[in-house]
Amino acid sequence: MTTLLSPEHLRHPCDLSELGIDSSADITPDYSALGQERAVDAIQFAIGMDHSGYNLFVSGSTGLGKRELVSRIISAEAASGEVPSDYCYIHNFDNPSQPRTLILPRGTGQQLHEDLRRLIEVLLLRIPAQFKSEEYRNQLQALNDEFQHLEEAGFKALGKTARESGITLMRTPGGYTLGPIKDGKLMTPDQFSELPEAEQNRIKEKLESLNEELTELVHEVPRLHQQHQARIRDLEQETTRGVIDPALNNLRQKYGEHSATFHFLDALHQDLIENVDDFFPSEEEERAPLHKRARSAKFRRYQINVLVGHHETDGAPVIHEDIPSYQNLVGRVEYEAHFGTLSTDFSLIQPGALHRANGGYLIVDAQKLLSYPFAWEGLKRALRNREVRLDSLEKIYGVSGTRALDPEPVPLDTRVILIGDRRLYYLLKQYDPEFTSLFKVYADFAEGFDRIRDNLSAYLGLVSMLVREEGLTHFDRSGLETLIEYSSRRMDDSEKLSLHRGQLIDLLRESSFWALRQGDSLANRAHVEKAIAQQRYRSSQLSELMQEQIERGLQMVDTQGKEVGRANGLSVFQLGDQRFGKPSRISATARIGNGRMLDIERETKLGGAIHTKGVMILGACIGARYARNRPLSLNASLVFEQSYGPVDGDSASAIEFCTLISAIAQLPIKQSLAVTGSINQQGDIQAIGGVNEKIEGFFELCQSRGLDGEQGVVIPAANIPHLILSEAVVNACREGHFQIHAVATLDELIELLFDRPAGKADAGGRYAPSTVNGLVQQQLADWSELAQKHAGGKD
């Protein structure tokens with residue numbers, strides 16, 4: 001039996017009088033995660049779990065406050081967390097293309113960086129000064145004098161021995177030479193030939209002997225020179241150590257407990273000794289300030305690259321990466337251009353979000369992450385290997401490029417929080433085998449919660465908190481009641497409250513705006529309704545255009561009289577955050593045939609899968625009700641008239657059924673009623689969505705044409721709790737100008753639309769001939785017999 005709904009069923013108003021509240025100023029703000037206990041438990045579990053793989057995926061629709069709540073919970077946890085280490089890169093003196101990582105306690109990285117910078121400045125001053133000192137010059141002169149003395153002593157001894165034998169040792173531009181002398185002068189060849197043969201032979205033998213000694217002495221000179229140079233180098237190194245060692249010993253004492261730093265200082269010390277010449281400035285460099293000279297490229301290897309320092313950090317880091325590209329996540333290596341050549345070193349390594357979040361938390365938008373090439377794979381690799389390895393994009397793409405660094409990976413210990421929608425979560429769950437092992441925790445934000453007394457108090461606390469945070473005018477009781485009714489309206493359920501903070505904040509702001517515009521100190525029901533109406537008005541141009549087309553007859557929809565094979569269905573359109581309902585004419589044709597049900601929307605590829613399913617259920621229901629014991633000799637067609645876009649959903653299947661049986665039995669349907677509701681194969685009317693917008697859409701059309709008291713909407717009985725209609729509709733129903741009926745079965749709907757009994761089937765499945773179902777059954781039976789005659793008595 002149909003139910004004509006009373007005005008009390010149409011709005012389900014909120015009454016806060018029992019709570020003793022006069023305005024939001026009297027309400028204690030509620031800063032809790034209202035209605036999101038399940039999600040909060042998941043978040044706290046993820047950040048409290050020490051084992052790897054317990055990263056978090058947070059989902060829920062836009063406007064629920066996911067990011068704000070996640071940030072608030074994680075920031076509170078991070079504030080009491082341990083400050084992570086400093087992560088640095090240092091020069092690899094053995095292989096400069098493979099920089100090494102240096103992990104230091106909190107704040108030590110920046111301090112060591114400053115100490116090394118000051119060390120270079122000190123050495124730039126002291127090393128040249130030490131080599132210009134009197135002490136160094138005296139030591140160098142002593143070595144030179146010693147070397148010269150050793151070199152000359154051998155030749156003097158040889159010269160003395162030669163003179164005793166009448167031979168002289170002479171130094172010429174070409175080197176040393178020996179020759180006989182006479183009267184203190186070198187003999188000429190003629191003089192030598194005049195000597196007795198015995199004397200000539202003696203001199204020749206002596207010359208040969210002395211030449212051998214001279215040769216040995218000449219060969220000894222390079223060895224003495226090498227020894228001399230080695231002693232000079234030893235002096236230079238000793239002088240250098242005299243400057244470097246005290247400075248480095250201070251650093252060793254300061255950072256000696258860190259073994260990695262100690263080894264780096266040892267390697268740095270050796271390189272300083274070997275490259276002391278770098279500290280002697282050229283004429284151009286002498287004119288440059290000391291701090292600029294210390295930062296020149298040739299001294300970079302003595303510095304450290306503080307990738308992530310925490311000298312000013314309290315607690316664990318919380319990083320929000322808004323542009324989660326591959327390089328922004330894992331870091332990158334920058335290059336310097338010098339005369340057309342690109343070069344790089346460890347100092348040009350830049351950190352990524354994973355480096356900055358190391359030891360803390362990284363929050364990333366999942367949709368953005370998946371939109372950047374290699375970003376998702378890079379994140380998974382870092383989480384899987386628990387290290388951040390910096391590979392260039394050229395290496396990932398497998399193409400050759402400039403010579404790149406291969407830095408040592410940085411150990412990773414961070415918790416990653418991805419924020420996205422549910423569809424994305426389940427797609428990753430389905431198609432990425434690694435996703436489940438890396439993101440073991442799922443936090444699903446609720447869309448709404450029950451509209452009960454305790455939750456009402458908490459919801460009002462949320463309103464009070466938002467009003468204070470936004471600096472808005474307070475709301476009186478009527479305004480608060482309207483806010484709650486609107487919240488239920490957004491949920492399409494009078495027994496629920498929406499948890500979409502974004503929509504609530506917008507409504508609070510706009511209601512406060514209208515209150516201030518009208519000079520009121522409190523926002524009341526009128527202000528809230530004004531804000532709601534203005535939101536709809538700003539987005540209603542298309543809906544008004546469609547309504548105008550119906551009113552002008554461009555789109556044919558009847559609201560009076562009766563027609564065969566025609567009825568009014570209801571659709572909902574979603575434009576951004578706004579929805580509106582629109583009536584549509586549904587028509588059907590029926591004739592003798594072979595049981596084919598033609599869905600014109602599907603055949604033209606305008607019908608969606610759900611609509612197609614509804615039509616197929618409709619066809620099954622026709623056969624089950626009217627042709628259980630005989631063939632269904634029916635060809636029928638169904639269509640949404642003047643519909644030129646996609647049609648989906650099964651909410652019109654109930655009225656499509658009635659339209660079809662109207663065409664079969666040639667029974668007229670009331671055009672003053674519009675129907676929404678889906679059916680199952682047993683003929684039950686099922687709940688649908690958007691019931692408020694559908695009713696209001698048909699009401700606006702009827703109101704524009706003039707309400708006559710016969711017009712109305714038929715809805716599923718299951719949708720009664722979802723009704724939160726506008727005051728205009730409620731008042732029209734209260735005054736008897738408009739009707740809203742609720743039905744639970746097809747038979748109830750049939751009796752309402754056809755103004756005659758639907759009829760009940762007997763044990764054999766037969767209906768009384770005078771009923772609607774009987775007339776439909778009889779017509780189908782007649783078609784079946786006629787079809788057999790045309791087939792020559794064959795089935």
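1. Trp-514 is buried, at 16% relative accessibility. Buried here means under 20% relative accessible area, exposed means over 50%, and partly exposed lies in between, with a 1.4 Å probe and protein chains only. Phe-513 is partly exposed, with a relative accessible area of 40%. The charged end of Lys-530 sits over the ring of Trp-514, 4.8 Å from its centre. That label requires NZ of Lys or CZ of Arg within 6 Å of the ring centre and within 35 degrees of the ring normal. Elsewhere, Arg-252 lies over the face of Phe-262, at 6.0 Å from the ring centre.

2. A word on the basis. This is a predicted model, in which local features need pLDDT of at least 70 and side-chain atom pairs count only at pLDDT 80 or more, while totals for chains, interfaces and linings use all residues. Residues are numbered from 1 along each chain as its sequence is written, and side-chain values use heavy atoms, with hydrogens and water left out.

3. Next, the aromatic pairs. The structure holds 20 of them. Rings of Phe, Tyr and Trp (its six-membered ring) pair if their centres lie within 6.5 Å; planes under 30 degrees apart count as stacked, over 60 as edge-to-face and the rest as tilted. Tyr-425 and Tyr-442 are stacked, 3.8 Å centre to centre with 5 degrees between the planes. This pair links distant parts of the chain: Tyr-425 is in helix H16 (residues 422-431) and Tyr-442 in strand S18 (residues 441-444), 17 residues apart. Helices (H or I, at least four residues) and strands (E, at least two) are DSSP runs, numbered from the N terminus. Tyr-425 is buried, with a relative accessible area of 6%. The rings of Phe-513 and Trp-514 have centres 5.0 Å apart and planes at 80 degrees, so this pair is edge-to-face.

4. Tyr-425 and Tyr-442 also belong to one aromatic cluster.

5. Two strands pair if DSSP finds at least two bridges between them. S9 and strand S14 (residues 361-365) run parallel and are joined by four bridges. His-320 stands opposite Ile-363 in S14.

6. Contact means heavy atoms within 4.5 Å. Axes are lines fitted to C-alpha atoms, for helices over the stretch in contact, and angles run from 0 to 180 degrees between N-to-C directions.

7. Another open sheet has three strands, in the order S4-S3-S8, with antiparallel pairing. Strand S4 (100-104) and strand S8 (304-308) are the edge strands, each pairing on one side only. Here the twist averages 35 degrees from one strand to the next. Strand S3 (residues 86-90) and S8 pair over four bridges. The bridge partner of Tyr-87 in S8 is Val-308. Helix H4 (residues 108-131) packs on the sheet and touches S3, S4 and S8; its direction makes about 160 degrees with that of S8.

8. Strand S25 (residues 578-592) runs antiparallel to S24, with 10 bridges joining them. Ala-567 has Ile-586 as its bridge partner in S25. S24 and S25 form a hairpin with two residues between them, and Gly-576 in the turn has a positive phi of about 65 degrees. Strand S29 (residues 673-675) runs parallel to S24, joined by two bridges. Gly-569 stands opposite Val-675 in S29.

9. Last, helix H27 (residues 727-734). Its residues Val-729, Val-730, Ala-732 and Cys-733 are buried. Seen down the axis of H27, the buried residues fall within an arc of 165 degrees, so they line one face of the helix. The arc is that of the directions from the helix axis to the C-beta atoms. These buried residues pack against helix H1 (8-11), helix H26 (691-705) and strand S33 (739-743). Gly-736 follows H27 and has a positive phi, near 80 degrees.
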